[in-house]
Amino acid sequence: MVNFLKKNIALLWAKKHVRKAEFKTNAEQNQEKLLFSLVNTAKKTLFGREHDFENIRSVKDFQEKVPISDYEDLKPYIERVKRGQANILWTDVPEYFAKTSGTTSGSKYIPISKEGMPFQVKGAQSALFHYIAKKNNADFVNGKMIFLQGSPELEEVFGIKTGRLSGIVAHHIPKYLQKNRLPSWETNIIEDWETKVDKIVEETEKENMTLISGIPPWLIMYFEKLVEKHGKKIKFIFPNLQLIVTGGVNYEPYRDKMEELLGGNVDIIQTFPASEGFFAFQDDYTKEGLLLLTDHGIFYEFVPLEEYGKPDARRLTLSEIELNKDYALILTTNSGLWAYSIGDVVRFIDKNPHRILVSGRTKHFTSAFGEHVIAFEVEEAMKATVEKYPAQITEFHLAPQVNPEDGLPYHEWFIEFEKEPENLQLFRNELDNQLRKRNTYYDDLISGNILQKLQITYLKKNAFQEYAKSQGKLGGQNKIPRLANDRKIADLLKINKL
């Protein structure tokens, strides 16, 4: 009886929530109103005074007075906030700092205000409510749920609670889900990822798991340990598993491997969360694309990727974007980030409502020869190749080889196969052709004999896990870049070649 009530209450809440989701139809107008609200709230902050917020009357005014920034630009303000100073970027000190690892800045401290934190939770909640309403099914609320995440233990920086985003969010799981949630606190705070996953396996293997959440590489690691231990596919171990929620990276390159481990039908929701905000989630499970959340305290701007980093780069609003073009994502948030370049590249595939694909990172590309290949292109090329020449890919990385011992330069693909294609040469040729179809600059370089066809370096099993472990980036929200413009990762991966 209790389970019946819980399920039906979830159905009622979900349908009510979806009916009230007005942002789908009036996003463009509301985005502009949101910007003025953010500017008005922060006009007396140090940042607001220095950037003349008092005289901002239009989006154009805002763009003229507030340049695009990255973490290094905002770091002097954040350092003052870290010392406990209020009214710097936002009206109060943050409720939290989400601590992330940066390449040039060391650790980054991303502020999350008391106004911003609820939207982190609401984004995930909205994703689940849309799923329940669409499927008319809330069975999973009666089972156990697991969130593969960073440690929820938080430190304090001048009184501001600080930790990984996933650990922070763990403190805001709604009470009605707490009894169903795994793993235990003791397991969740384990820092060593391999030890942690082993303990999670112990705690979950005999439970009625119905929802599992995490980024794809670490879900695969968890599932592989379960399959190895029990000699059965996941759907036989967890017969009531209904839903997997993923985020952090594009799910598509991992789909075949996940389906093989699962051994049965499980629904997938893809999401787009980050320390800076919860941006989008999948609301149509029949096709790719994530619904952009335009009423969650974030004003979005979009810089055409080919113009990104240039002094005269256009900053487009939601009403100005075009479909099927790549844009660098720029954020202004209710946590005090102003025209902040998050480093992600998105592509709109629909305007009614606004749906996006995450097509890459501004810093993750291969362009040693001017080709500017991005993640979306290599992932789509790999997907099309695997469809023609079946194989299972665990992970891959692309790096340029500028000075080969023999012949022309080339793109070197480091691939860890779970199952190799029957004909590796045909697979290689098809992969090269598929990338040429998607990137005309790369095609020109091959046609003009500037580059030779790509080369594939085959890696041993667990090569990417070993690399991540060697860099202290195993587990949690850590991700290995699919593309590089140098050979730093490539040279370390080569240690594990076959």
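## Cis peptide bond at Pro353

In this predicted model, Pro353 sits in the loop between strand 14 (340-351) and strand 15 (354-361). The peptide bond that joins Asn352 and Pro353 is cis. Its omega is about 0°.

## Cis peptide bond at Pro183

A cis peptide bond also runs from Leu182 to Pro183, with omega near 0°. Pro183 belongs to the loop between strand 6 (181-182) and helix 9 (185-188).

## Positive phi at Asn87

Asn87 is not a glycine, yet its phi is positive, at about 60°. The residue is placed in the loop that lies between helix 5 (71-82) and strand 1 (96-101).

Is the residue buried, partly exposed or exposed? Asn87 has a relative accessibility of 30%. Because buried means under 20% and exposed means over 50%, Asn87 counts as partly exposed.

## Positive phi at Phe158

Phe158 is another residue that is not a glycine but has a positive phi, here about 50°. Its place is the loop between strand 4 (155-157) and strand 5 (160-163).

The relative accessible area of Phe158 is 60%. The cut-off for exposed is over 50%, so Phe158 is exposed.

Key:
Residues numbered from 1 in each chain as written. Predicted model: local features only at pLDDT ≥ 70, side-chain atom pairs only at ≥ 80, totals over all residues. Heavy atoms only, no water. Helix = DSSP H or I, 4+ residues; strand = E, 2+ residues; numbered from the N terminus. Buried < 20%, exposed > 50% of the residue type's maximum accessible area, 1.4 Å probe, protein only.
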